[in-house]
Amino acid sequence: MTLAILLLHALTGMLFILAAGFVFVDTLNASAANLERIRTMSRLVAGLLWLTYFIGGYWYVVNYAPEKAFIMKGPWKFSHSFFMETKEHVFLALLLLGTLLPIIATNDLVTSKGARKLMLWVTTLLVLVGFGMDGAGAIISLGAKVALLPVAGG
Amino acid sequence: MSTSTLNAQTKGYCLSVAITSVASALLVIAKESNEGLLKFMKTVTVHHWVTHGIFNLVLFVALGMLLAKSNNGQGPAMDDDKLINVTVAGFLLGCAIVAGFMLIEG
């Protein structure tokens, strides 16, 4: 069950990145025909990001402590002290950036160049920092794995 | 004279993201450097990180609402490019402060 929660966190995280990429491309081609779709997808990005936060947050608060103890006894202490600590706090800001997306989408993206530019910047940051979060998650998992591996030659 | 094409809500919440990102990063430094503050944040909710998230959310919403209502309800007097620069820079600065601090202190 614990691993299922963690996998669900990674899954919703990847889905929000994909959805943000979708909004980026749709904004490049913003017209009256796809304006409502951009708004719907922007809400989906924010929703998936909040879902990722609640699922990951639940796992972090309830289940992470034993894993952290293993990591800190292992050779990849940095996977917690740098990657987890940075990920858990940068995510809080990323959450707000994602929440901003549907607010920006309330503007007329067809006529406002500024709104389109803002959408492109925000979705770019969401995708890039989202990938960073994903990579950090993989490093944290590896940090736990190497801590549990038998010592070579032992 | 600002020449913004964005609505007041967007301008207010953009600036709010920039300010809250930096404030959140500074709170990371403060709680990691001050045991008393960390303990206090742990007592407010089940975990200091949960308290931190609630602090960010309250600040984000409060600032966004206030800023959106500023300037006679038109939002901050700022042109689009400047607003985008401030939003992106604020968010990235917040991320850089957190990562830099963890790199040095982690």
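Let me open with a pair inside one helix: Arg39(A) and Glu36(A) stand 3 residues apart in helix α2 of chain A, so about one helical turn separates them. The two residues form a salt bridge, and their closest N and O atoms are 3.1 Å apart. Arg39(A) counts as buried, because its relative accessibility is 18% and the cut-off for buried is under 20%. Before I go further, please note that this is a predicted model.

Taken along the principal axes, the C-alpha atoms of chain A fill a box of roughly 65 × 25 × 20 Å. Chain A has 154 residues, and buried residues make up 50% of them. As for contacts within chain A between residues at least 6 apart in sequence, 78% join residues at least 24 apart. The chain exposes about 7200 Å², and carbon and sulfur atoms supply 73% of that area.

One residue illustrates the interior of this chain. Is Thr27(A) buried or exposed? Thr27(A) is buried, with a relative accessible area of 1%. The residue lies in helix α1 of chain A, which covers residues 2–28. Leaving aside residues up to four places away in sequence, Thr27(A) touches Ile38(A), Arg116(A), Met119(A) and Leu120(A).

I come back now to the salt bridges. Over all chains, the count by this rule is 3. The Arg39(A) and Glu36(A) pair, with which I began, is one of the salt bridges. Another joins Arg37(A) to Asp26(A), with the closest N and O atoms 2.8 Å apart. Which parts of chain A does this pair tie together? Arg37(A) lies in helix α2, residues 35–73, and Asp26(A) lies in helix α1, so the pair ties together parts that are 11 residues apart in sequence. Arg37(A) is partly exposed, at 43% relative accessibility, whereas Asp26(A) is buried, at 7%.

Lys117(A) pairs with Asp81(B), and the closest N and O atoms are 2.8 Å apart. Lys117(A) sits in helix α4 of chain A, residues 113–148, and Asp81(B) in helix α4 of chain B, so this pair joins two chains. Both partners are partly exposed: Lys117(A) has a relative accessibility of 34%, and Asp81(B) has one of 42%. Between chain B and chain A, the count is 1 salt bridge.

How many residues are in contact across it? On the side of chain B there are 36, and they are in contact with 31 residues of chain A. The size of an interface is often given as the accessible area lost when the parts come together. For chain B and chain A, the buried area is about 2900 Å², of which carbon and sulfur atoms give 79%. Trp49(B), Ile84(B) and Phe91(B) supply 25% of the area that chain B buries against chain A, more than any other three residues.

Polar contacts are also found here: across this interface, 8 residue pairs meet the rule, with both residues at pLDDT 80 or more. On chain B, the elements that give two or more residues to the side touching chain A are α1 (8–33), α3 (48–73) and α4 (80–105). Which of them gives the most? That element is α4(B), with 12 residues. By residue class, the side of chain B that touches chain A divides into 19 nonpolar, 13 polar and 4 charged residues.

I close with two backbone details in chain B. Asn71(B), in helix α3 of chain B, has a phi near 55°, a positive value in a residue other than glycine. Asn72(B) also lies in helix α3 of chain B, and its phi is positive at about 60°, although it is not a glycine. In accessibility, Asn71(B) counts as partly exposed, at 39%, while Asn72(B) is exposed, with a relative accessible area of 76%.

Technical notes: Residues are numbered from 1 along each chain as its sequence is written. Chains are lettered from A and ligands numbered from 1 in the order in which they are written. This is a predicted model: local features need pLDDT of at least 70, side-chain atom pairs count only at pLDDT 80 or more; totals for chains, interfaces and linings use all residues. Side-chain values use heavy atoms; hydrogens and water are left out. Contact means heavy atoms within 4.5 Å. Buried area is the accessible area (1.4 Å probe) that two parts lose on being put together, summed over both. A salt bridge is a side-chain nitrogen of Lys or Arg within 4 Å of a carboxyl oxygen of Asp or Glu. A polar contact is a pair of N or O atoms within 3.5 Å; within protein, one must be able to donate a hydrogen and the other to accept it, and residues adjacent in sequence count only if both atoms are side-chain atoms. Helices (H or I, at least four residues) and strands (E, at least two) are DSSP runs, numbered from the N terminus. Ala, Val, Leu, Ile, Met, Phe, Trp, Tyr, Cys and Pro count as nonpolar, Asp, Glu, Lys and Arg as charged, and the others, Gly among them, as polar. Buried means under 20% relative accessible area, exposed over 50%, partly exposed in between (1.4 Å probe, protein chains only). Accessible areas come from the Shrake-Rupley method with a 1.4 Å probe; for residues, only the protein chains shown count as cover.
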